[in-house]
Amino acid sequence: MADGLRWTWSAYVEAEADDHARGQSMPTSTVRATILQTELSPTASTTNGLTTDPKDRQVIADAIEAGARYLITTDVDDFALADLAAHEMSAVNPDYFMALRLTENAYRKGVGLLAAVQSNPARTEAELHRVLGRRHPHLTTRFAEAYDTTPVEADPDQPNEVFRGVACIRCDAHLDNDEQQRIGLCAEHLPG
């Protein structure tokens with residue numbers, strides 16, 4: 001739990017993540033069980049009625065079964081707005097979600113946890129903050145002052161779509177119009 005949030009993933013998502021683990025990276029199942037010490041979410045018994053692409057239907061069905069408000073994914077555009085809206089959910093890129101939702105304290109705790117478990121190569125918290133800029137430019141820009149270092153430039157292949165849905169990232173409120181749904185923030189949290 002961080003900032004009032006509880007994260008979880010389903011057995012289906014965990015198996016997919018383990019299958020796509022690269023190099024010497026720790027399997028997602030190991031991270032969940034040994035570091036995060038969390039349980040898997042329930043598995044949906046059906047994907048009937050969903051319009052998301054068949055290859056991703058089990059993912060959103062499991063999120064619905066778990067009562068999730070946010071589906072955190074690097075592939076936001078894989079999930080049909082109709083399915084998300086029908087269940088008052090949003091699909092959000094992890095970088096964008098953390099940049100808008102985390103406090104500096106939560107960010108520092110997360111970076112500290114990563115530094116504590118990373119061993120190949122071992123890195124300090126400041127070094128991790130610096131390299132996170134490559135894949136998490138929104139997050140490291142938001143917390144640019146957290147460490148005495150400058151994050152590296154973002155990789156050029158950043159996603160075009162970082163939000164899709166109807167739940168405000170900051171407060172869960174329903175998003176009422178196209179502008180709010182474009183950036184994922186309700187009227188109360190839209191930038192001035």
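Is cysteine 171 buried, partly exposed or exposed, and at what relative accessibility? The legends below take up this residue last.

This is a predicted model, in which local features need pLDDT of at least 70 and side-chain atom pairs count only at pLDDT 80 or more, while totals for chains, interfaces and linings use all residues. Residues are numbered from 1 along each chain as its sequence is written, and side-chain values use heavy atoms, with hydrogens and water left out.

**View A. The buried side of helix 7.** Helices are DSSP runs of H or I with at least four residues, numbered from the N terminus. In helix 7, which spans residues 125–132, Leu128, His129 and Leu132 are buried, that is, under 20% relative accessible area with a 1.4 Å probe and protein chains only. These residues lie on the same side of helix 7 because they cover an arc of only 100° around the axis, taken from the directions from the helix axis to the C-beta atoms. Helix 6 (104–117) and helix 8 (137–142) are among the elements that cover them.

**View B. Contacts of phenylalanine 97.** Beyond its neighbours within four places in sequence, phenylalanine 97 is in contact (heavy atoms within 4.5 Å) with Leu5, Tyr70, Ile72, Val92, Leu102 and Ile169.

**View C. Cysteines without a disulfide.** The structure holds zero disulfides, a disulfide being a pair of cysteine sulfur atoms within 2.5 Å. The sulfur of cysteine 168 has its closest cysteine sulfur in cysteine 186, at 3.7 Å, which is too far for a bond, and cysteine 168 counts as buried at 0% relative accessibility. For cysteine 171 the closest cysteine sulfur is likewise in cysteine 186, at 3.6 Å and too far for a bond; cysteine 171 counts as partly exposed, at 31% relative accessibility, the range between buried and exposed, the latter being over 50%.

Conventions: Helix = DSSP H or I, 4+ residues; strand = E, 2+ residues; numbered from the N terminus.
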